[in-house]
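Subject: Structure handover

Hello,

Here is the structure for you to look through. My notes follow below it.

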Amino acid sequence: MQEINVKIWREANTINIPEYATPGSSGVDLCSTMYCMIKPGDQALIPTGIKLAIPEGYEAQIRPRSGLALNQKITIPNSPGTIDADYRGEVMVLLKNEGEDPFTLRFGDRIAQMVFVPVARAKFEEVKTLDETKRGAGGFGSTGR
(Lines give C-alpha, C1' and ligand atoms only; values in the text may rest on other atoms or scores of the structure.)
Protein backbone atom coordinates (compact mmCIF):
# COMPACT_ATOMS: atom_id res chain seq x y z
CA MET A 1 0.00 0.00 0.00
CA GLN A 2 1.39 3.39 -1.01
CA GLU A 3 1.78 6.07 1.67
CA ILE A 4 1.77 9.83 1.11
CA ASN A 5 2.74 12.59 3.53
CA VAL A 6 -0.16 14.89 4.36
CA LYS A 7 0.46 17.90 6.59
CA ILE A 8 -2.33 18.67 9.03
CA TRP A 9 -3.24 21.70 11.14
CA ARG A 10 -5.72 21.37 14.04
CA GLU A 11 -7.83 24.19 15.39
CA ALA A 12 -7.33 22.81 18.92
CA ASN A 13 -5.62 19.83 20.52
CA THR A 14 -9.06 18.46 21.48
CA ILE A 15 -9.63 17.68 17.80
CA ASN A 16 -8.50 14.21 16.80
CA ILE A 17 -6.01 13.69 14.02
CA PRO A 18 -7.79 11.33 11.57
CA GLU A 19 -6.74 7.70 11.90
CA TYR A 20 -7.30 4.47 10.00
CA ALA A 21 -9.55 2.20 12.10
CA THR A 22 -7.95 -1.03 10.84
CA PRO A 23 -4.87 -1.95 8.80
CA GLY A 24 -7.15 -2.60 5.79
CA SER A 25 -9.17 0.63 6.03
CA SER A 26 -9.23 2.75 2.87
CA GLY A 27 -10.35 5.92 4.58
CA VAL A 28 -9.96 7.84 7.81
CA ASP A 29 -12.90 9.09 9.83
CA LEU A 30 -13.63 12.82 10.01
CA CYS A 31 -15.28 14.16 13.15
CA SER A 32 -17.63 17.04 13.85
CA THR A 33 -16.47 20.02 15.90
CA MET A 34 -19.95 21.32 16.61
CA TYR A 35 -23.31 20.45 18.08
CA CYS A 36 -26.31 20.74 15.78
CA MET A 37 -29.58 19.12 14.82
CA ILE A 38 -30.33 18.39 11.18
CA LYS A 39 -34.06 18.21 10.50
CA PRO A 40 -35.47 15.72 7.96
CA GLY A 41 -34.79 16.96 4.43
CA ASP A 42 -32.32 19.61 5.64
CA GLN A 43 -28.59 19.76 5.20
CA ALA A 44 -25.79 21.36 7.20
CA LEU A 45 -22.17 22.28 6.54
CA ILE A 46 -20.18 20.71 9.37
CA PRO A 47 -16.68 21.91 10.34
CA THR A 48 -13.97 19.36 11.18
CA GLY A 49 -11.43 21.73 12.74
CA ILE A 50 -8.62 20.57 10.45
CA LYS A 51 -6.77 21.98 7.45
CA LEU A 52 -4.60 19.88 5.15
CA ALA A 53 -1.69 20.24 2.76
CA ILE A 54 -2.20 17.37 0.31
CA PRO A 55 0.70 16.54 -2.02
CA GLU A 56 0.36 17.64 -5.64
CA GLY A 57 -1.04 14.82 -7.76
CA TYR A 58 -3.52 13.70 -5.08
CA GLU A 59 -6.95 14.68 -3.79
CA ALA A 60 -8.91 13.76 -0.71
CA GLN A 61 -12.40 12.42 -1.37
CA ILE A 62 -15.06 12.90 1.30
CA ARG A 63 -17.53 10.02 1.43
CA PRO A 64 -20.51 9.05 3.60
CA ARG A 65 -20.06 6.67 6.51
CA SER A 66 -21.99 3.51 5.73
CA GLY A 67 -23.44 3.14 9.24
CA LEU A 68 -24.82 6.69 9.26
CA ALA A 69 -26.31 6.21 5.81
CA LEU A 70 -27.92 2.88 6.70
CA ASN A 71 -29.10 3.57 10.23
CA GLN A 72 -29.82 7.32 10.31
CA LYS A 73 -30.20 8.09 6.57
CA ILE A 74 -27.41 10.70 6.82
CA THR A 75 -25.56 11.16 3.55
CA ILE A 76 -23.28 13.54 1.67
CA PRO A 77 -25.21 15.01 -1.28
CA ASN A 78 -22.10 15.91 -3.31
CA SER A 79 -20.44 12.56 -2.71
CA PRO A 80 -17.65 12.16 -3.16
CA GLY A 81 -16.66 15.68 -2.20
CA THR A 82 -13.21 16.73 -3.33
CA ILE A 83 -10.46 18.43 -1.35
CA ASP A 84 -7.94 19.68 -3.92
CA ALA A 85 -4.19 19.63 -3.28
CA ASP A 86 -4.00 23.44 -3.38
CA TYR A 87 -6.90 24.06 -0.93
CA ARG A 88 -5.77 25.31 2.48
CA GLY A 89 -9.08 26.09 4.18
CA GLU A 90 -10.87 24.07 6.83
CA VAL A 91 -12.19 20.69 5.73
CA MET A 92 -15.98 20.95 5.86
CA VAL A 93 -18.51 18.17 5.32
CA LEU A 94 -21.96 18.74 3.80
CA LEU A 95 -24.39 16.36 5.52
CA LYS A 96 -28.01 15.80 4.49
CA ASN A 97 -30.72 14.10 6.51
CA GLU A 98 -32.68 11.84 4.15
CA GLY A 99 -34.53 10.23 7.05
CA GLU A 100 -37.83 10.99 8.78
CA ASP A 101 -36.35 11.88 12.19
CA PRO A 102 -34.13 14.77 13.29
CA PHE A 103 -30.45 13.84 13.57
CA THR A 104 -28.44 15.21 16.49
CA LEU A 105 -24.73 15.73 15.97
CA ARG A 106 -22.26 16.24 18.83
CA PHE A 107 -18.64 17.36 19.06
CA GLY A 108 -16.39 14.42 18.16
CA ASP A 109 -19.03 12.38 16.29
CA ARG A 110 -17.64 10.58 13.25
CA ILE A 111 -19.44 12.09 10.26
CA ALA A 112 -17.60 11.06 7.08
CA GLN A 113 -14.68 9.18 5.63
CA MET A 114 -11.75 10.74 3.80
CA VAL A 115 -9.87 8.74 1.16
CA PHE A 116 -6.72 9.95 -0.60
CA VAL A 117 -6.46 9.10 -4.30
CA PRO A 118 -4.12 9.97 -7.18
CA VAL A 119 -5.38 12.44 -9.76
CA ALA A 120 -4.69 12.33 -13.50
CA ARG A 121 -4.72 15.58 -15.48
CA ALA A 122 -6.30 15.51 -18.92
CA LYS A 123 -4.67 17.02 -21.97
CA PHE A 124 -7.52 17.66 -24.42
CA GLU A 125 -7.08 17.03 -28.12
CA GLU A 126 -9.91 18.27 -30.32
CA VAL A 127 -10.90 15.87 -33.13
CA LYS A 128 -13.61 15.76 -35.80
CA THR A 129 -14.76 12.21 -34.94
CA LEU A 130 -14.32 9.66 -32.18
CA ASP A 131 -13.50 5.98 -32.59
CA GLU A 132 -16.49 3.63 -32.71
CA THR A 133 -17.26 1.20 -29.86
CA LYS A 134 -19.79 -1.56 -29.42
CA ARG A 135 -21.64 0.54 -26.81
CA GLY A 136 -21.59 3.73 -28.86
CA ALA A 137 -23.70 6.54 -27.39
CA GLY A 138 -25.74 4.24 -25.13
CA GLY A 139 -26.06 5.91 -21.74
CA PHE A 140 -28.21 5.55 -18.65
CA GLY A 141 -29.48 1.98 -18.39
CA SER A 142 -28.26 1.01 -21.87
CA THR A 143 -26.30 -2.00 -20.65
CA GLY A 144 -29.31 -3.58 -18.91
CA ARG A 145 -29.94 -4.60 -15.32
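Is N97 buried or exposed? N97 is buried, because its relative accessible area is 0%, where buried means under 20%, exposed over 50% and partly exposed in between (1.4 Å probe, protein chains only).

This is a predicted model, in which local features need pLDDT of at least 70 and side-chain atom pairs count only at pLDDT 80 or more, while totals for chains, interfaces and linings use all residues. Residues are numbered from 1 along each chain as its sequence is written, and side-chain values use heavy atoms, with hydrogens and water left out.

N97 lies in strand 8, residues 90–97 (strands are DSSP runs of E, at least two residues, numbered from the N terminus). Leaving aside residues up to four places away in sequence, N97 touches several others, among them I38, D42, Q72 and F103 (contact means heavy atoms within 4.5 Å).

Strand 8 runs antiparallel to strand 4 (residues 43–53), joined by six bridges; strands pair if DSSP finds at least two bridges between them. Strand 8 also pairs with strand 6 (residues 74–75) in the antiparallel sense, over two bridges, and T75 has K96 as its bridge partner.

The whole structure has four salt bridges (a side-chain nitrogen of Lys or Arg within 4 Å of a carboxyl oxygen of Asp or Glu). K96 forms one with E98, at 3.8 Å between the closest N and O atoms. D29 meets R65 at 3.1 Å, N to O, and R110 at 3.2 Å, N to O.

Regards

Methods:
Helix = DSSP H or I, 4+ residues; strand = E, 2+ residues; numbered from the N terminus.
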